[in-house]
Amino acid sequence: MAQSGKGKLNYRCPRCFMRDIDMDMFFDEEKKEYYCLRCCFRGSEEEVLKLNDQYKEKYGRLKERVVDFGTDNEPPKFIPHRAGEQ
Amino acid sequence: MSKLALNIIHRPELSPEYAERALGGKRDVQDESLDIFLFQQECAHECGLKTTIQITYASLFSDKIVKIAKEHHTKYGDEIGLSLLGLPCKQFKEKYKTEDFCIWMFDEETKKEIVDDCFGLFYEKFGFYPESTGSYFLDAFTINYMKEKYPNVKCAVATCWEEGPKAYHTCNNSWYTFMDGGPWNPWIPSKVNSHCPASDKEDDSGIVAIPHLSRDLMACFDGNGSNFGTHPQNVLRGMIYYEDEKGTEYPYLYNLIDQYRHLAKYNDGFCYNMMFVGPGWLNKAGRWESPYERLAKSYKDVMKYYGKLKREGKCVDMTMSELADYYRSTHNYHDPESALWKDILYGSDKEYFWYADWRMRCCLDFNQGGAIIDLRPYIARIPQKTGIGTENVYDASYPYLIQANYRAGYFTHYAGAGTIESCKVHYKGQTADLCLCRTMASFERFPNGIQIKTNPVTVSLAGLDIVIQSTFFFPNCSCGIINIKREILNDLHGEEVELEEYFTGGFGTTEYQPDMSKIRFETYRFVLRDDIPNPLFPDCGVLREEKEEMQFAYKGRKIGQGQGRTNGAFAIIPDIQTKVGLNGDEADACSAEEGIAFSPVYHLRISKKLKGGEFRTWLSLEKAN
């Protein structure tokens, strides 16, 4: 069995990423799966992408644009971001 | 709104930090690196922005890069500076016989040798000495030497805000860039410690320093430091983007730039941004799950946004040396840097207030009632040396007294304590901590200082509602003081409550507390003497000072619990040459308490019983030799 190598997009372990650790994964050609050296995660590209989407859920304003920082003692005002605009 | 002062910095690296190993020698790294540099330059120029080209050591051996830099200087007005980043290359490794590449980690003689080598080679190639330079971090020794030998230098990249244990952990405990504790915006570094803004002309190192990134002052402090800055590839690294029909979108990047623009409100019109992306981040093999196309698009898009701001008259692109001149023309030594910073990413109403001047750096968290969650005693001018042969081979962070995230902050489990400054309210055997009162705050500038006032909060104890408003005042004076006022706004119907201002401190640069045995405590009480009348002010009487002292011994002992008229509790910490105190006129009592081995902190407290009105105290910082 040949040694493992990096995958095509250098995926990080999604479980370690959730605890703020950037841990590049390796790809096991034989089992066709990514795996982490730091924790017990192993999974397909599809599973990695699914977990990465879950990670982004914490960014509640991910798709929003600030239109006004408001007065000091109140939160900023946001609107949905329009694709292609800045 | 004032115009955003903008620095865009590009460095041609012929051995880009990430590419060499990542590509494994399979591709031509030199050509690829040069292509990336040219792409970055093109992005800026297309948007009408000028740059500062920081020439790396390896580039000084490339006639091609020297020629390009000269051309871009002539054609676009780009500044040609010298970077002390990007040292590693064949020539450097052969000459210095080392794999080290961080200028602040070398021994003093080698630092001088490298500086002379780089500046000498630069002169040879360009016929002049650079006005700007930089590294991830520049220690005072290197800056002082550089300024003495090459007085032309006026600007340098000198730290990367809050890059310390967080970056280390993110890289699975392998990234030794410990440089927490500095300012987030440009500053004039002290000759003694480059983290500290200079106090006066005598202390002025002669340069204007800028951070390596303009970072999110909340997301970076709370979480992984490497994902939240004006660095598009950092934002991709943090997965702060989404896909839409028009491609990858990252409104957070624009929100971040806009919040930096908003800081003009708190700094007499001054606001600043910088962008400094090394070519390795635009690796053609892709980075952080992103293909090259997305990396390149994000870079281009941010340049477009800066270009748009420039066209709208909201931004001025400057070279680093131009920024230095501009900064010196708009700032005096004692001008503070302030930032009332709001969450723009997670969707909370959290708000921080960051303050920095020559005496301290401090952060108030209004999600915790205005508790102090970070405090660095710049007034102590801790003369940390860094590099091989010193006590800090790699750790260049400026020590904290409070760092609530590294050291627990408001305490939530059953044994121990965390570093934080806040106020407790006691009534009929019940206690509430203002840390648990979420609020927001307003900023106001006065001729004699800066005031932050919270929205009022209500504490309910034993059926009594107590409405409290906190005010923090940072006075313009020669001592390190924060005035704190807790004001009761409602009628307590004759009931008496006790307000207890407290400071739970530690010291260090990481999560781990060094030995505290050298700490000494002092408490003072001024007690009215009834045996001597005051001939000038008979109503005031004569005060007698009562002082108690204690050496830290991990026994949980306490001193200074008596009654007095004016009180103060102090901790003297020789390891960081700092004396910190809580003081109060008309306080009823104060105390100082040592921690135990399981809870290595110290507590300073000062309290007053009142039926209304206000409790005024002040936190003091002094240098203690």
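Which residues have the most contacts inside the largest nonpolar core? Some notes for you, starting there.

1. A word on the model: it is predicted, with local features needing pLDDT of at least 70 and side-chain atom pairs counting only at pLDDT 80 or more, while totals for chains, interfaces and linings use all residues. Residues are numbered from 1 along each chain as its sequence is written, and chains are lettered from A in the order in which they are written.

2. Trp354(B) and Leu364(B) have the most contacts inside the largest nonpolar core, which has 188 residues. Such a core is a set of buried Ala, Val, Leu, Ile, Met, Phe, Trp, Tyr and Cys residues joined through C-beta atoms within 7 Å; buried means 20 or more other C-beta atoms within 10 Å of the residue's own, with C-beta atoms placed from the backbone. Beyond its neighbours within four places in sequence, Trp354(B) is in contact (C-beta atoms, placed from the backbone, within 7 Å) with Trp184(B), Leu217(B), Ala339(B), Trp341(B) and Cys363(B). A second, separate core of 10 residues includes Cys13(A) and Tyr34(A).

3. Gly313(B), with a positive phi near 75°, follows H11(B).

4. The contact between the chains takes 39 residues from chain B and 30 residues from chain A. On the chain B side, H10(B) gives the largest share, seven residues.

Methods
Helices (H or I, at least four residues) and strands (E, at least two) are DSSP runs, numbered from the N terminus. Two residues are in contact if their C-beta atoms, placed from the backbone, lie within 7 Å. A residue is buried if 20 or more other C-beta atoms lie within 10 Å of its own, exposed if 12 or fewer, and partly exposed in between; C-beta atoms are placed from the backbone.
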